[in-house]
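Here are my notes on the model. Please read them with the structure open.

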Amino acid sequence: KMLVYTPEGRLGNYFEDARRNAARDQLLASVFLPAFTAAGGHQLKTGIDISRVAYSQNIERTGYEFLRADWTVSRSTTFAGSGRFDIDNAEAAWFVQDSWKPAQSVLIEAGVRFDWDSLTGSGSWAPRLGVSWAPPRLESTKVSAGYGIVTEQSNLQLFSRPLDQYLLTTYYGPDGAYGPAISIFLPA
């Protein structure tokens with residue numbers, strides 16, 4: 001039975017029966033290279049971050065209607081297309097970082113990270129910088145600052161919209177039906 005929004009509340013069953021699954025597999029690996037001295041102590045670190053995220057859904061949607069105060073239909077929405085799809089994304093990153101201690105009370109961490117995304121087919125470089133200082137005679141105090149550009153992972157929901165069902169909405173005026181209007185998401 002279709003969900004109906006009436007002047008007195010809702011009637012019927014919710015319009016969506018859904019099964020959704022999500023998964024994430026990730027591999028992280030880091031290597032600390034031998035420490036060395038050059039204008040202070042240095043510790044280099046490099047590593048990778050490889051992940052796969054996946055989303056699948058199987059949805060059956062019926063539809064819903066809105067009724068006016070006089071109980072006539074003002075709008076009716078149904079769904080077309082398949083509500084079943086699978087989408088995944090592979091992401092890989094490589095980074096290198098230098099932890100440099102030019103003085104006993106100062107630590108500077110500088111690095112760069114490269115991120116690649118299979119959904120967009122692109123990669124980006126992102127710098128990182130962190131500084132901390134412990135003032136003399138204040139052993140329990142530390143002043144820190146940092147800067148970094150962080151690349152956001154692709155949103156699977158945005159990439160999956162064109163694969164999902166689309167709305168068919170019919171609007172009803174006092175003199176009859178107008179529509180249907182179709183709402184479809186298309187890939188860019």
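1. Start with one contact in this predicted model. The side chains of Asp49 and Arg113 form a salt bridge, 3.6 Å from N to O. This pair links distant parts of the chain: Asp49 sits in strand 5 and Arg113 in strand 9, 64 residues apart. Asp49 has a relative accessible area of 15%, so it counts as buried.

2. Arg113 has another partner. Its side chain also meets that of Asp115 in a salt bridge, at 3.1 Å from N to O. Asp115 is buried, with 14% relative accessibility. Elsewhere, salt bridges with shared partners join Glu16, Arg20, Arg61 and Asp164 into one network.

3. The structure holds 7 salt bridges. Among them is Arg52 with Asp25, whose closest N and O atoms are 3.7 Å apart. Arg52 lies in strand 5 and Asp25 in strand 3, 27 residues apart. Arg52 is partly exposed at 35%. Asp25 is also partly exposed, at 46%.

4. Now the pairing around strand 9. Strand 8 (residues 84-103) runs antiparallel to strand 9 over 11 bridges. The two form a hairpin with 2 residues between them. Glu91 has Asp117 as its bridge partner in strand 9.

5. On to strand 10 (residues 122-133). Strand 9 and strand 10 pair antiparallel over 12 bridges. Asp117 stands opposite Ser122 of strand 10. Their hairpin has 4 residues between the strands, and Gly121 there takes a positive phi near 65 degrees.

6. On confidence, the protein averages a pLDDT of 90, and 97% of the residues score at least 70. Where pLDDT is low, the predicted coordinates should not be read in detail.

Note on methods:
Residues numbered from 1 in each chain as written. Predicted model: local features only at pLDDT ≥ 70, side-chain atom pairs only at ≥ 80, totals over all residues. Heavy atoms only, no water. pLDDT = per-residue confidence, 0-100. Pairing = 2+ DSSP bridges. Salt bridge = Lys/Arg side-chain N within 4 Å of Asp/Glu carboxyl O. Buried < 20%, exposed > 50% of the residue type's maximum accessible area, 1.4 Å probe, protein only.
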